[in-house]
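Visitor: Please show me the structure. I will then ask about it piece by piece.

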Amino acid sequence: MKEIAINIKARNEPGVLNDISALMARCGINIIYTHLFIEDKDSGSIYMELEDVKNTEIFIEKIKGFEAVQEVEIHRSLADIYGKRIIIIGGGAQVAMVAHGAITEADRHNIRGERISVDTIPLVGEKELAEAVSAVGRLPRVGALVLAGSIMGGSITRAIEEIKDEHEVIVISLNMPGSVTQKADLVVTDPVQAGVMAVMAVAETAIFDLKKLKRKRF
């Protein structure tokens, strides 16, 4: 099974995506990830990761045959480039400290061939935080979510329950008031250590398994 990643630059007009996806269906190609964005009023880009591509050269020539298509490029997949993602959500100071630990630890593993990236967003407010947590379930390649704040509960806790039920995401929380800590897989007091442990939990180059821990608070 051959997998490739392509970026198609095409005219910004109705029907272009439909024509391209119909071609892929006829060729028996499966789309495993796609992202479309408008570059300007006249053109847009369609990034796709595909599997079951039998002949890349012929397939690319067929795409170039569409009148609306301006350019086609082949790339490594985002999984190969950015790898697993650590998402850190919460208050600014706490997010910064967790990110410090996560980035430092990710660098150690990435030097050894791993690919782990770190995304952060400092937010204030239960509604805003709950929306951000829910959105994690719609992001690709998320390995762990770290909740870094002073107090979290209510709708944030319900959002955690939903993503844990529907997605394979490790949830790590700082030790704080609120019901979030009851739903987290791991509760860590030191924010820097929380970032380090989040990376260790998803890294293939680390000998660390949350399931083997006899307690979940540190």
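Guide: A polar contact here is a pair of N or O atoms within 3.5 Å, where within protein one must be able to donate a hydrogen and the other to accept it. The model is predicted.

Visitor: Which side chain is joined to that of His109 by a polar contact?
Guide: His109 lies in helix H4, residues 92-111. Leaving out residues up to four places away in sequence, His109 touches several residues, including Val199, Met200 and Ala203. A polar contact of 2.8 Å joins its side chain to that of Thr205.

Visitor: Is His109 buried or exposed?
Guide: Buried means under 20% relative accessible area. The relative accessible area of His109 is 1%, so this residue counts as buried.

Visitor: Why can helix H8 be called largely enclosed by the rest of the structure?
Guide: The buried residues of H8 include Pro191, Gly195, Met197 and Val202. They pack against H4 and strands S5, S6, S7, S8 and S9. H8 is largely enclosed because 9 of its 12 residues are buried.

Visitor: What span should H8 have at 1.5 Å a residue?
Guide: H8 covers residues 191-202, which is 12 residues.

Visitor: Which residues touch the most other members of the largest nonpolar core?
Guide: In soluble globular proteins, nonpolar side chains tend to be buried together. The largest core here has 46 residues. Elements giving two or more residues to this core include S5, H5, S7 and H6. The members with the most contacts to other members are Ile86, Ile88, Val133, Leu145 and Leu147.

Visitor: How many residues are in the other core, which lies apart from that one?
Guide: Its members include Ile8, Ala10, Leu23 and Leu50. The count for this core is 19 residues.

Visitor: How are H5 and H6 oriented, roughly parallel or roughly antiparallel?
Guide: The axes of the two helices come within 8 Å and cross at roughly 5 degrees. Angles under 35 degrees count as roughly parallel. H5 and H6 are therefore roughly parallel.

Visitor: Which residues of H5 make the contact with H6?
Guide: On the H6 side, the contact uses Ser155, Ile156, Ala159, Ile160, Glu162 and Ile163. Among these, Ile156 and Ile160 are buried, and both are touched by Val133. From H5 come Glu126, Leu129, Ala130, Val133 and Ser134.

Visitor: What is phi of Asp52?
Guide: Most residues other than glycine have a negative phi. Asp52 sits in the loop between strand S3 and helix H2, and is partly exposed at 26% relative accessible area. Its phi is positive, near 70 degrees.

Visitor: What is phi of Arg141?
Guide: Arg141 is found in the loop between H5 and S7. With 25% relative accessibility, Arg141 counts as partly exposed. Although not a glycine, Arg141 has a positive phi of about 65 degrees.

Visitor: What share of the residues of the chain counts as buried?
Guide: The chain has 8 helices and 9 strands, and its C-alpha trace spans about 60 × 35 × 30 Å along the principal axes. Of its 218 residues, the buried share is 44%.

Key. Residues numbered from 1 in each chain as written. Predicted model: local features only at pLDDT ≥ 70, side-chain atom pairs only at ≥ 80, totals over all residues. Heavy atoms only, no water. Helix = DSSP H or I, 4+ residues; strand = E, 2+ residues; numbered from the N terminus. Buried < 20%, exposed > 50% of the residue type's maximum accessible area, 1.4 Å probe, protein only. Contact = heavy atoms within 4.5 Å. Expected span 1.5 Å × (residues − 1). Core = buried A, V, L, I, M, F, W, Y, C linked by side-chain atoms within 4.5 Å. Axes fitted to C-alpha atoms, helices over the stretch in contact; angles between N-to-C directions. Parallel < 35°, antiparallel > 145°, perpendicular 65-115°, else oblique.
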